Amino acid sequence: MIEVRNLVKTYVTKKGKVIGVDNVSLTVNKGDIFGIVGYSGAGKSSLIRCLNLLEKPTSGQVIIDGINLLSLNDKKLRTARLKIGMIFQHFHLVSSKTVFENVAFALKAANKSKRDTESRVTELLEMVGLTDKRDVYPSQLSGGQKQRVGIARALANHPSVLLCDEATSALDPSTTRSILSLLKKINRELGLTIVLITHEMEVVKEICNKMAIMQDGRVIEEGSVYEVFANPQAPLTKSFIQSVLQFDVPSQILEKRKGTIVKIQFKGSIAEESVISDVFQKFKVKGNILHGKIEYIQETPLGIFMMELNGDESEVEKAIEYIRARTNSLEVIVYAA
Ligand SMILES: Nc1ncnc2c1ncn2[C@@H]1O[C@H](COP(=O)(O)OP(=O)(O)OP(=O)(O)O)[C@@H](O)[C@H]1O
């Protein structure tokens, strides 16, 4: 488990103080895949680099598996860091070393014997699907393969936490998916806690169970990925969600409609019920679906529909109340002309 308490990171520059992280407190539970999202400059890198003290916090606490990292001397910190793996956007591999040597290098710090190193690296390369690449150099690998080496190296010392610093931002969409599914597999099979930072909401939607949104060094919203997607509060969160759920009806289309336009969200098992068809049976209203989709987030459905309802005002009103009561989430976008 990771606990971040009142973490502050300020940088002193020639132009004065710059705030990287502004009083952030977070809890990441064991086994979580925790995504931290924000635009460039929001403080994500500063925060994740403070989690293994690559960046020394100005104040606050970072407690990993019960150990306050800021209380450790250099030697103890080096040992504690072996339990915190990290992967990077640009992989950070040593170009003059082979794949095997890059991974083995991580075991040097832990003083492993040659034989233990050989068997551990072999096991790791198998885990990330690179057994046949053990003797090649990084320049002969694709971006996805380089990141797999990075993952193998990060896992070498059996860490309990893996920090991912924009780990898929330099990769194409299909390679991104394969790396994300590898991370998910590692999380599931090894019970590894993963913290990742990204500016891509798609990444969070794909693998995280918890998330936080950062802006100006602060966490402005956090929670389970499903709840944040279904119920975003802050304007920035809403715009991030919009970018991935892409729920837009052109205004020219909306302007032409004569009925009442409603946006309905179906959460969880309600998305599998027949609320909409029931409405048409129960009330004298006609419906016209303008947009609709069901997203699966954390394997739980989230349905979003935009509909035009036509009929007598009182029937439309009853239909709206019925849907509202069943879904808990109906927003009238435009009332009938
Ligand atoms: N070494 C540094 N010296 C001075 N200021 C810094 C340093 N590192 C980060 N900052 C500043 O701290 C703030 C947060 O930057 P940070 O890199 O943590 O954000 P980010 O969300 O990771 O953005 P990006 O994705 O662009 O890296 C920014 O204003 C940035 O300019």
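Biologist: How do the axes of helix α3 and helix α5 cross, and how close do they come?

Modeller: Keep in mind that this is a predicted model. The axes of α3 (residues 99–108) and α5 (residues 143–155) come within 7 Å, crossing at roughly 30°. Angles under 35 degrees count as roughly parallel, so α3 is roughly parallel to α5.

Biologist: Which hand does the crossing of α3 and α5 have?

Modeller: Right-handed, as α3 passes α5.

Biologist: And which residues make the contact?

Modeller: From α3 you get V99, N102, V103 and A106, and from α5 there are V149, A152 and R153. Sort that contact by class and you find five nonpolar residues, one polar and one charged.

Biologist: Let's move to strands. In what sense do β9 and β10 pair?

Modeller: Antiparallel: β9 (residues 210–215) and β10 (residues 218–224) pair over six bridges. To find your way along the pair, take M211, whose bridge partner in β10 is G223.

Biologist: Zooming out, how is the chain divided into domains?

Modeller: There's domain 1 (2–243) and domain 2 (251–334). Their C-alpha centres lie 40 Å apart. The contact between the domains takes six residues from each of them.

Biologist: Which helix gives the most to the side of domain 1 that touches domain 2?

Modeller: That's α8 (residues 225–230), with four residues. By class, this side of domain 1 has four nonpolar residues, one polar and one charged.

Notes: Residues are numbered from 1 along each chain as its sequence is written. This is a predicted model: local features need pLDDT of at least 70, side-chain atom pairs count only at pLDDT 80 or more; totals for chains, interfaces and linings use all residues. Domain bounds come from an automatic or database domain assignment. Two residues are in contact if their C-beta atoms, placed from the backbone, lie within 7 Å. Helices (H or I, at least four residues) and strands (E, at least two) are DSSP runs, numbered from the N terminus. Ala, Val, Leu, Ile, Met, Phe, Trp, Tyr, Cys and Pro count as nonpolar, Asp, Glu, Lys and Arg as charged, and the others, Gly among them, as polar. Two strands pair if DSSP finds at least two bridges between them. Axes are lines fitted to C-alpha atoms, for helices over the stretch in contact, and angles run from 0 to 180 degrees between N-to-C directions. Angles under 35 degrees count as roughly parallel, over 145 as roughly antiparallel, 65 to 115 as roughly perpendicular and the rest as oblique. A crossing is left-handed if the near helix is turned anticlockwise from the far one by less than a right angle, and right-handed if clockwise.
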